[in-house]
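Please open the structure in a viewer and keep the selection tool at hand.

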Amino acid sequence: MKSEDIDWIIKRYAEERKHETQQVAQEHFLAYAYLVCRAGEVEQFLKRTRGLLTFYIDSLSLFENPFRNAQVCWLMLMFLLFVFSLYLIADADFRYAGIVLCTGTVIFGTSLWKIVWNNWLDTSLLIACYREIIDLIDNLQSSSNAETAA
């Protein structure tokens, strides 16, 4: 069992979850797990997958947060330029320059906001998919522990 196989199965779950229900995606996740693993490796696979997913969630929430990167700095700059353009519009001598600057900042700021917002949504959906897999693994491990105790 390789890390690439685990990543492939996780990606398949995330892609499937966008189009299918949670139950169907979980069934396919388990089917892929049983296809990749040998007879006694399923529990080890689930433990490694859970560990990788917690790492991925931590790294996504820390490093891939779109509200913590350079795009947000550009968005703040667009806001400052917008305020400056409003000041220019108020002055009669620079009114046309202010209108042009205001139009450009609104257009560029809007498109930049859409990019940041879509990245944030994609990251949030990916984290939610990862948490669903962790819940599934926790349920499977608790049920297997209950069976061995009985």
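Is Arg 12 buried, partly exposed or exposed? Arg 12 counts as partly exposed, because its relative accessibility is 30%; buried means under 20% relative accessible area, exposed over 50%, and partly exposed in between, with a 1.4 Å probe and protein chains only.

Before going further, please note that this is a predicted model, in which local features need pLDDT of at least 70 and side-chain atom pairs count only at pLDDT 80 or more, while totals for chains, interfaces and linings use all residues. Residues are numbered from 1 along each chain as its sequence is written, and side-chain values use heavy atoms, with hydrogens and water left out.

**First stop: helix α1**

Select residues 3-19, which form helix α1; helices (H or I, at least four residues) and strands (E, at least two) are DSSP runs, numbered from the N terminus. The end C-alpha atoms of α1 are 25 Å apart, which agrees with the 24 Å that its 17 residues should span at 1.5 Å a residue; the expected span is 1.5 Å times one less than the number of residues. Buried residues in α1 include Ile 6, Ile 9, Ile 10, Tyr 13 and Ala 14.

Now display Arg 12 together with Glu 16. The two form a salt bridge, with their closest N and O atoms 3.8 Å apart; the term denotes a side-chain nitrogen of Lys or Arg within 4 Å of a carboxyl oxygen of Asp or Glu. Arg 12 and Glu 16 are separated by about one helical turn, because they lie four residues apart in α1. An α-helix has 3.6 residues a turn, so residues three or four places apart point the same way. Glu 16 counts as buried, at 12% relative accessibility.

**Second stop: links to helix α5**

The count of salt bridges comes to three. Select Arg 17 and Glu 132, whose side chains meet in one of them at 2.8 Å, N to O. This pair links distant parts of the chain, since Arg 17 is in helix α1 and Glu 132 is in helix α5 (residues 95-149), 115 residues apart. Glu 132 is buried, with a relative accessible area of 15%, whereas Arg 17 is partly exposed at 23%.

Next, select Asp 138 and Arg 50, which form a salt bridge with the closest N and O atoms 2.6 Å apart. Asp 138 lies in helix α5 and Arg 50 in helix α3 (residues 42-63), so the pair ties together parts that are 88 residues apart in sequence. Asp 138 is partly exposed, at 27%, and Arg 50 also counts as partly exposed, at 29%.

The structure holds eight aromatic pairs. Rings of Phe, Tyr and Trp (its six-membered ring) pair if their centres lie within 6.5 Å; planes under 30 degrees apart count as stacked, over 60 as edge-to-face and the rest as tilted. Select Tyr 56 and Tyr 130: their ring centres are 5.9 Å apart and their planes lie at 40°, so the pair is tilted. Tyr 56 is in helix α3 and Tyr 130 in helix α5, 74 residues apart. Both Tyr 56 and Tyr 130 are buried. Then display Tyr 13, Phe 29 and Phe 45, which form one aromatic cluster.

**Last stop: Ser 85**

Which residues does Ser 85 touch, not counting those up to four places away in sequence? Ser 85 touches Gly 98, Leu 101, Cys 102 and Thr 105, where contact means heavy atoms within 4.5 Å. Ser 85 is found in helix α4 (residues 70-90) and counts as buried, at 0% relative accessibility. A polar atom of the Ser 85 side chain lies 2.6 Å from the backbone oxygen of Phe 82.

Note on methods: A polar contact is a pair of N or O atoms within 3.5 Å; within protein, one must be able to donate a hydrogen and the other to accept it, and residues adjacent in sequence count only if both atoms are side-chain atoms.
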